[in-house]
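Hi everyone, thanks for coming. Let me bring the model up on the screen, and then we can walk through it together.

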Amino acid sequence: LVAFASASLAALSVQLCGDMIATALAASILLGAAATSPRDEPARPRLLRALSRVRTASGELALLQWSPEDDDTLIAARSVDTSETPVLRDVPSPDELAAATELREELGEQPARWLETGELLRFVRARKTLKERATLFREAMAWRRDHGDWIVDEASFGGAEQRWCDDPSQAPAWHRWMGTVLPFELFGTCRSGVPITFVGLGRMDLTGIQREIGLDRLEQKMVMQNDAFIDLARREGLRRSSPEECVVAHGGVFVIDCDGFGRRHLGEVRIFKRCAAALKVLHPERQRKTFIVRAPRVFAVFWKIVRVFLDERIISKISILGVNDDLTPLVDEVGADYLPSLFGGGYDLKCSSLLTDPRLIDEGAFRRFEAGGAGGET
């Protein structure tokens with residue numbers, strides 16, 4: 001009942017509030033599923049069986065996906081196209097470009113970075129009326145002004161994130177420590193030409209992170225990571241554009257791994273809501289496609305109930321893949337080479353040890369990290 005109620009309320013919120021709730025929708029249903037899961041994690045396969053690449057009699061390259069139940073059952077077989085996957089070209093319509101110009105005129109003086117056509121189109125696509133678009137934009141700018149000490153350049157929080165990741169010795173201790181405990185990673189490229197985002201949701205210990213460094217630092221990390229993505233997407237869009245044609249690269253692919261999701265996550269609703277409140281204002285149109293993998297079985301049931309309330313645009317952005325489901329939709333989006341090796345692909349996630357050897361964060365873990373580390377401010 002708790003799961004059904006949370007899923008239904010999330011669906012109704014989408015109807016009332018629009019696409020900004022897409023992320024919260026998925027999380028709400030997951031939390032509902034967690035409420036009905038066993039207290040002890042069941043003995044079930046945590047990893048999908050490796051994908052096998054074989055040559056057929058005709059010489060074609062084939063990809064075989066095997067059952068995770070160790071029963072040698074073949075789930076799917078498909079030919080692999082070895083040619084380069086065409087990159088999606090997102091060319092705004094004349095009506096969208098006109099709406100972006102109208103929004104720019106309505107907003108008046110603002111940081112130049114965010115008045116670029118590609119950035120304004122995020123707000124145009126996220127809201128239906130000029131008033132709603134302008135309101136969301138101003139909320140985002142107000143949030144950035146209130147946290148201006150995070151900004152290094154171009155009115156974005158992503159600059160510092162990128163520099164700290166490139167040279168961890170310059171990063172503060174809390175940021176370096178989060179890199180060792182947070183299963184979140186940007187890697188590779190999807191068909192939009194922008195990085196793929198992996199989130200090990202089932203193995204995140206947000207309660208432990210909050211206890212060690214505080215909710216403000218956790219929120220800051222989440223915002224900076226997503227701003228870093230926005231910066232990369234912006235550069236990709238500008239690279240593909242010309243004086244005659246505007247091309248944008250807004251949303252990327254999310255891979256949300258639910259392995260380990262259970263009742264303990266119900267206690268993290270408040271933390272999630274705090275972070276999501278900032279992200280939905282700052283990063284409209286951040287997701288093009290979300291794959292929820294290794295999802296609890298009950299999740300698929302609730303998703304079937306909820307999707308009848310949603311419009312096709314939101315439904316098309318979310319795919320649910322359980323441990324026994326065919327991975328073809330995910331492989332089509334990211335390619336076998338960028339499919340995480342946890343799922344049988346060719347990419348080794350830097351955070352994979354947090355997924356294969358999961359542990360909750362011990363009390364005092366950050367203090368011990370500080371005591372044993374060197375360099376960077378705190």
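Let's start with disulfides: how many does the structure hold? The count is zero, where a disulfide would be a pair of cysteine sulfur atoms within 2.5 Å. As a reminder, a disulfide is a covalent bond between the sulfur atoms of two cysteines. Buried means under 20% relative accessible area, exposed means over 50%, and partly exposed is in between, with a 1.4 Å probe and protein chains only.

A word on what we are looking at. This is a predicted model, in which local features need pLDDT of at least 70 and side-chain atom pairs count only at pLDDT 80 or more, while totals for chains, interfaces and linings use all residues. Residues are numbered from 1 along each chain as its sequence is written, and side-chain values use heavy atoms, with hydrogens and water left out.

Five strands form an open sheet in the order 4-5-6-7-8, and the pairing is mixed. Which strands stand at the edges? They are strand 4 (184-187) and strand 8 (318-321); each has a single partner strand, so one side of each has no neighbour in the sheet. From one strand to the next, the twist averages 15 degrees. When I say strands and helices, I mean DSSP runs numbered from the N terminus: E with at least two residues for strands, H or I with at least four for helices. Two strands pair if DSSP finds at least two bridges between them.

Let's go along the sheet. Strand 4 and strand 5 run antiparallel, joined by four bridges, and Phe 187 sits opposite Ile 196 of strand 5. Strand 5 (residues 196-199) then runs parallel to strand 6 (residues 252-257), with three bridges between them. On that side, Thr 197 faces Phe 254 in strand 6, and Val 199 faces Ile 256 in strand 6. Further along, strand 7 (residues 287-293) pairs with strand 8 in the parallel sense over four bridges, and Thr 290 has Ile 318 of strand 8 as its bridge partner.

Where do the side chains go? In a regular strand they alternate between the two faces of the sheet. In strand 5, Ile 196 and Phe 198 point one way and Thr 197 and Val 199 the other way, all of them buried. In strand 8, Ile 318 and Ile 320 point one way, Ser 319 and Leu 321 point the other way, and all are buried.

Next, please find helix 9. This helix lies across strand 4, strand 5 and strand 6, at about 10 degrees to strand 4. Helix 9 (residues 215-240) also packs with helix 8 (residues 206-213), at an angle of about 115 degrees and with the axes 7 Å apart. Axes here are lines fitted to C-alpha atoms, for helices over the stretch in contact, and angles run from 0 to 180 degrees between N-to-C directions. Leu 206, Ile 209, Gln 210 and Ile 213 of helix 8 meet Leu 215, Arg 217, Leu 218 and Met 222 of helix 9; contact means heavy atoms within 4.5 Å.

Staying in helix 9, we find Glu 236. Is Glu 236 buried or exposed? It is buried, at 13% relative accessibility. Leaving out residues up to four places away in sequence, Glu 236 touches Ser 192, Gly 193, Val 194 and Ala 249.

Last topic: salt bridges. There are 21 of them, each a side-chain nitrogen of Lys or Arg within 4 Å of a carboxyl oxygen of Asp or Glu. One of them joins Glu 116 and Arg 234, at 2.6 Å from N to O. Glu 116 lies in the loop between helix 3 (94-107) and helix 4 (117-126) and Arg 234 in helix 9, so this pair ties together parts 118 residues apart in sequence. Another joins Arg 288 and Glu 333, at 2.8 Å from N to O. Here Arg 288 is in strand 7 and Glu 333 in helix 13 (residues 328-334), so the pair links parts that are 45 residues apart in sequence. Finally, Arg 113, Glu 119, Arg 122 and Asp 231 are linked in a network of salt bridges.
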